[in-house]
Each structure stands twice: as C-alpha cells, then as structure tokens.
Amino acid sequence: MSQDQEAQPASQPGDAGARVLPEQLAEVVEEFAELEDRQKLELLLEFSRELPELPERYRNSYDQMEEVVECQSPLFLTLEYDDAAGTAAIFFAAAREAPTTRGFAAILHEGLDGLRYEEILAVPEDLSERLGLSKAITPLRLRGMTAMLGRIKRNIRAHQAESAPAQAG
Amino acid sequence: MTEEKDFSQYAHPDALVSTEWVAQHKEDPSVVLLESNEDVLLYETGHIPGAQKIDWHTDLNDPVTRDFLGPEQFAEFAAAKGITPDTTVVFYGDKSNWWAAYALWVFTLFGHADLRLMDGGRQKWAAEGRELVTEVTAPAQVSYPAPSQRDDSTFRAFREDVLAHFGKPMIDVRSPMEYSGERTHMEGYEQEGALRGGHIPSAASVPWAKAANEDGTFRSRAELEEIYTEQAGLGKAEEVIAYCRIGERSSHTWFVLQHLLGYGNVRNYDGSWTEWGNAVRLPIATGDQPGEVPGA
C-alpha cells in the first residue's frame, strides 16, 4: 500500500510528491536498516537511553502536555513553535519502565526535532515499517510509534490553522 | 520489611510465590525464573538475577498459524531456557503480571507440572529495592522431552466451545466501554479493534484489574470471592470461560479463578473479542447488561 504512494510521486501534486524523509530521519532509518532484528532491538534500547530529559518547565506538570493514549505505557508529548522560522521543537516524557515506548519517542525526537512544519507533515505514516522494526516488534507494539507521529502532525496542523488567519489578515 | 501475605488463603497456594521466596530461591537449580513483559525491551534494562526472558509474541506463537507452538517446538523452547519437566517455573513481569499469567497459561496447555506466579510481579520486586541486573545468565544445558500433546480442551476454549457453553457463566474482563460496545478497543490501545463493539451475550463484566491491588499483588481471597462469586454471579459454577481482546488480560483472570478461587474448570477463550467481534454469524450484545443467552 505504502509503496504505491511512493511509486508515483510525480503524478501526485501536493503533499504526496513531497514524501521524502528529512535527512536527520533518513539517517536513523539507515542505521536501523543495516541491522539484524536482534541488533535492531539493541539499537532501540540505546535510543531509549538517549531520550533527552524534559526541560524544567514541563517536569512534574504533564498536564501541559498531550498524552499519547495509543501507547501501551504512559507517554506525553508537546511541541513548541517558532513561526518566524516555521520550525517545531518536540518534547517527550516517557517512563523508564517503558523502554520500547521511550525508544520510539527518541527516534522521533532524533529524526524530527527542530524541522520545518512541512517537513514533519511530509513524513510517511509507515515510518515504523521503514525502520524494519515490524519483525522484531509486533504490530501491536508498533502502533504506539505511528500514533506518536500522527499526534505530532495533528498538533502542527492545529497550530497552522490557528495562526493562519492572523497571518492572512 | 512489609508483612508477608499468607498464601494459604487461596485454593491452590502453591501457584503463587512471594518476592521474598524468589529472592531466596533464585539460585536454586530446580527453579527457573521467566520474565514475561508487555514491553519487549524491559528485561534488557534489568531483571532478577538469573531470570530468563520470554516474549509471548515471538517465543510462544507459531510463526505461521495463529496458534501456539506445537509440543516439539515447546520442548525445544523450554530446554533452551534451562527447564526440565521437573523444574519449578516462576513467571513474573510488568503490568501486574498480565503477560506472565499468559505465559504461565500457555505452559499449562503443555502440562508442565510446577508453574507459579510471583505475586506483585516486577513492579513489587523493584519497589522493594531488590536487585536487578542486566547480565544474562546462560541457562543450564538440559533436555525436555516433547509432551505428547498440547491440551487445548481443558483450559482453552475456541469459539465453538463458547457457543456450546452458553447457559453457563462467562466473564468478560475488558474495560466497561469495550464491554458496552461504546469502544471497539481498549482505552490506550486504539485501532486494535473489531468490526463490532459489544460483548458475548450473557457474559458478566469484570475488568481484570479488579483482581489486583495497587502494588500489582492479587487481592485477598475474600475480596476475590466478593467480586467474582457474588457480584459477577459465578456462584459455585463448575465451568467458567473468560475472555478479553486477545486472551492476555483474561489469562490473569483465568489464574485468579482457577488457582486462587479454585473453580473446577476455567477456560481461557484466547480468540477473544478480536475473533468474536469480527466473526460472521456470531451473536453479540451491547450495553452494560449481560443480555440473554442466545437460543434460550
């Protein structure tokens, strides 16, 4: 299904044609793609250890963040926007007892943090498949990552919708 | 030290061990600890010294059929973990032992004799500040003769068994909104859905978590009797079927009914709502009431 979208970028005007991985995300995908399933899990664990600490302003106040309820363990995210540059900073909070969820968050952080809105919106939905994780990690578990990406995109679209009339006026 | 719970209150007290018991027996060669988690990487971040990892997704399922391993494959798997037919296998894991109970249930199908859960699971062990290590201990070299069969009739129910069971008690252990049909998936597990929302007609709603305390341990026998025997109306039923969405939460309830309360024969319907809610020509009920027994 997803390959179909990719196979015909030229004939698709608008967003479908732009579905190219941003460079920092492409690097992560390559890193995973080169590994055996078992090593993929080890790399995911490494990522989970590298998830940046939340800035002081969000600590102990997850209610300012959005909970990704699709994850099998509590996960919160929030975005901060720089409209002048058109970029978004992404922050995640995930429990240490949920390394898989943390690992997914860390991949998205590494791959998307600080990118331009349209670059993030253009990231394909099948990212977890591109990472080649679907054998090492079952679909049940991978859904969490897809949901995180979906919420990040929704958050950006909502922000754009809010700020668009002001810019136009 | 926290006061030890008296397991003799339960119908089969040997099916449960305390964290303290595990601490004292973790080096006993006749005991193998198996950690079974929802999170596939949690074991790697630290586990009880000597414990082996078991992942129900990748270890217990047949790669092709939607079913468990066959007897030969099970025997190979058990031997690879250092387990012989005489081994005391103690399961523990995250999320109040959901997946640990599931793994224990699957071992039960193969007739392994001595299976136990560590009360409170990983959470309690960690909360007590007990040792967790990242080193993986090589299992002892042993062999496990293949069981003659996987017994799918005593503790496991298929959809045909559920149809034949109508009129006898059934427990739906999913969340109230999944039961009523307002949602087709469990809260926190979006998209893991079924075509239709609701429950198997006549099944009583008892979300699995009612059986667990805050610290992940099982409630007392008196509390469990109040919940299942009284409120859910199981009474003195000889046969009960439990189900959820894919059979993991209902393994937890299966353990409670079979081992802690001592019901004569409890079966886990592992096809559960993902099968029933999608299957052609099977009746469902919606709303917060169990509904009528079909054909009654």
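Modeller: One term first. A polar contact is a pair of N or O atoms within 3.5 Å; within protein, one must be able to donate a hydrogen and the other to accept it, and residues adjacent in sequence count only if both atoms are side-chain atoms. That term comes back below. Bear in mind that this is a predicted model.

Now the helix. In chain A, helix H2 spans residues 23–33, and its buried residues are Leu25(A), Ala26(A), Val28(A), Val29(A) and Phe32(A). They lie on the same side of H2(A), because the arc they cover around the axis is only 160°. An α-helix has 3.6 residues a turn, so residues three or four places apart point the same way.

What does the other face carry? Turned away from the buried side of H2(A) are the exposed residues Glu23(A) and Glu30(A).

Next, the chain around the helix. Chain A has seven helices and three strands. Their order along the sequence is α-α-α-β-β-β-α-α-α-α. The chain has 169 residues, and 51% of them count as buried. Take the contacts in chain A with a separation of 6 or more: residues 24 or more positions apart account for 68% of them.

Two further sites in chain A deserve a look. Thr87(A) belongs to strand E3 (residues 87–94). Its relative accessibility is 18%, so Thr87(A) counts as buried. Neighbours within four places in sequence aside, Thr87(A) is in contact with Glu80(A), Tyr81(A), Asp82(A), Gly114(A), Leu115(A), Arg116(A) and Tyr117(A).

Ser163(A) sits in helix H7 (residues 139–168) of chain A. It counts as buried because its relative accessibility is 16%. Here the opening term applies. A polar atom of the Ser163(A) side chain lies 2.9 Å from the backbone oxygen of His159(A).

Then chain B. Its mean pLDDT is 93, with 96% of its residues at 70 or more. For the complex, the predictor gives an ipTM of 0.76 and a pTM of 0.87. An unreviewed UniProt entry carries the annotation "domain: Rhodanese" for residues 27–134 and 171–285 of chain B. Over residues 27–134 of chain B, 31% of the chain is helix and 17% is strand. The end C-alpha atoms of that stretch are 16 Å apart.

The largest nonpolar core has 61 residues. Those with the most contacts inside it are Phe91(B), Phe107(B), Leu117(B), Ile171(B), Tyr228(B), Phe255(B) and Leu257(B). Among the elements of chain B that give two or more residues to this core are strand E2 (31–36), helix H3 (71–80), strand E4 (88–92), helix H4 (98–109) and helix H9 (249–260). H4(B) supplies the largest share, eleven residues.

Glu131(B) lies between helix H5 (121–127) and strand E6 (156–157) of chain B. At 48% relative accessibility, Glu131(B) counts as partly exposed. Not counting residues up to four places away in sequence, Glu131(B) touches His47(B), Ile48(B), Pro49(B) and Trp125(B).

Definitions and conventions: Residues numbered from 1 in each chain as written. Chains lettered and ligands numbered in written order. Predicted model: local features only at pLDDT ≥ 70, side-chain atom pairs only at ≥ 80, totals over all residues. Heavy atoms only, no water. Buried < 20%, exposed > 50% of the residue type's maximum accessible area, 1.4 Å probe, protein only. Helix = DSSP H or I, 4+ residues; strand = E, 2+ residues; numbered from the N terminus. Arc of directions from axis to C-beta. UniProt positions renumbered as here; feature names shortened; annotations may be inferred. pLDDT = per-residue confidence, 0-100. Core = buried A, V, L, I, M, F, W, Y, C linked by side-chain atoms within 4.5 Å. Contact = heavy atoms within 4.5 Å.
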